[in-house]
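Have the picture open while you read.

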Amino acid sequence: MISSMVAAIARFLGGVRVRWMGCQPDTRQRIYFANHSSHLDFVVLWAALPPQVRDAVRPVAGRDYWERGIVRRFFINLVRGVLVDREHICLSKNPLECLTQNLALGRSLIIFPEGTRGSGAAIGPFKSGLYYLSMRRPDLELMPVYLENLNCILPKGTIMPLPLAASVTFGPAMRLEKRETRRAFLVRAREALCDLRP
């Protein structure tokens with residue numbers, strides 16, 4: 001109930017227009033990957049999904065940011081986010097482990113392969129996480145999602161969102177191909193996202 005209210009507020013604040021290009025919403029397990037330019041990104045993408053799809057989707061976010069302060073912790077728990085440790089990465093603390101565990105439970109994930117927020121002007125190079133997740137679960141569909149204008153609604157360093165229109169565009173599913181190299185896959189995934197830009 002509360003999560004549905006959060007989704008409705010997110011759609012209202014962003015005046016979000018949702019487009020499905022060459023794909024349809026589906027309850028099957030997927031990894032949604034998107035560009036990243038605002039703290040609104042994951043909640044707007046999550047809110048753009050139909051309720052029956054949204055229930056099994058978990059946004060992935062940085063523990064170092066979302067565990068600071070009561071409000072942030074409350075919010076990330078409300079949307080059932082999966083927090084990854086970006087500061088103390090080592091063999092015994094591989095951030096992919098908690099993501100793999102969530103996938104094993106049948107959940108879908110929202111990830112941002114750039115790794116950090118950009119300016120919104122361009123999509124940065126992808127880090128390797130999407131590739132290694134795909135290696136572990138090559139059966140899953142990877143859904144590119146282009147988020148437009150969210151960097152203007154909540155610019156970096158601001159607290160209150162501005163009343164501007166945003167769009168969420170879901171593109172055709174892709175998968176890791178057999179014997180595809182990490183570099184070739186990451187370039188292809190980034191291009192799939194760039195192709196969704198208006």
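## Rings and strands

Phenylalanine 126 is buried, as its relative accessible area is 11% (buried means under 20%, exposed over 50% and partly exposed in between, using a 1.4 Å probe and protein chains only). Before we go on, a quick note: this is a predicted model, where local features need pLDDT of at least 70 and side-chain atom pairs count only at pLDDT 80 or more, while totals for chains, interfaces and linings use all residues. Residues are numbered from 1 along each chain as its sequence is written, and side-chain values use heavy atoms, leaving out hydrogens and water.

So who does phenylalanine 126 pair up with? Which residue forms an aromatic pair with phenylalanine 126? The partner is phenylalanine 33, which counts as buried at 0% relative accessibility. Rings of Phe, Tyr and Trp (its six-membered ring) pair if their centres lie within 6.5 Å; planes under 30 degrees apart are stacked, over 60 edge-to-face, and the rest tilted. Across the whole structure, a search turns up 5 aromatic pairs. Here are two of them:

| Pair | Type | Centre to centre | Angle between planes |
|---|---|---|---|
| Phenylalanine 33 and phenylalanine 126 | edge-to-face | 6.1 Å | 85° |
| Tyrosine 131 and tyrosine 132 | edge-to-face | 5.2 Å | 70° |

The phenylalanine pair links distant parts of the chain: phenylalanine 33 is in strand E2, and phenylalanine 126 is in the loop between E5 and helix H7 (129-136), 93 residues apart. (Helices, H or I with at least four residues, and strands, E with at least two, are DSSP runs numbered from the N terminus.) In the tyrosine pair, tyrosine 131 is buried at 9%, whereas tyrosine 132 is partly exposed at 38%.

Now for the sheet. It is open, with 7 strands in the order E1-E7-E6-E2-E5-E3-E4 and mixed pairing; two strands pair if DSSP finds at least two bridges between them. At the edges are strand E1 (17-20) and strand E4 (82-84), each pairing on one side only. E1 and strand E7 (residues 167-170) run parallel, joined by 4 bridges, and valine 18 stands opposite valine 168 in E7.

Finally, look for two charges over rings (NZ of Lys or CZ of Arg within 6 Å of the ring centre and within 35 degrees of the ring normal). The charged end of arginine 54 sits over the ring of tryptophan 46, 5.5 Å from its centre. Arginine 72 lies over the face of tyrosine 65, 3.7 Å from the ring centre.
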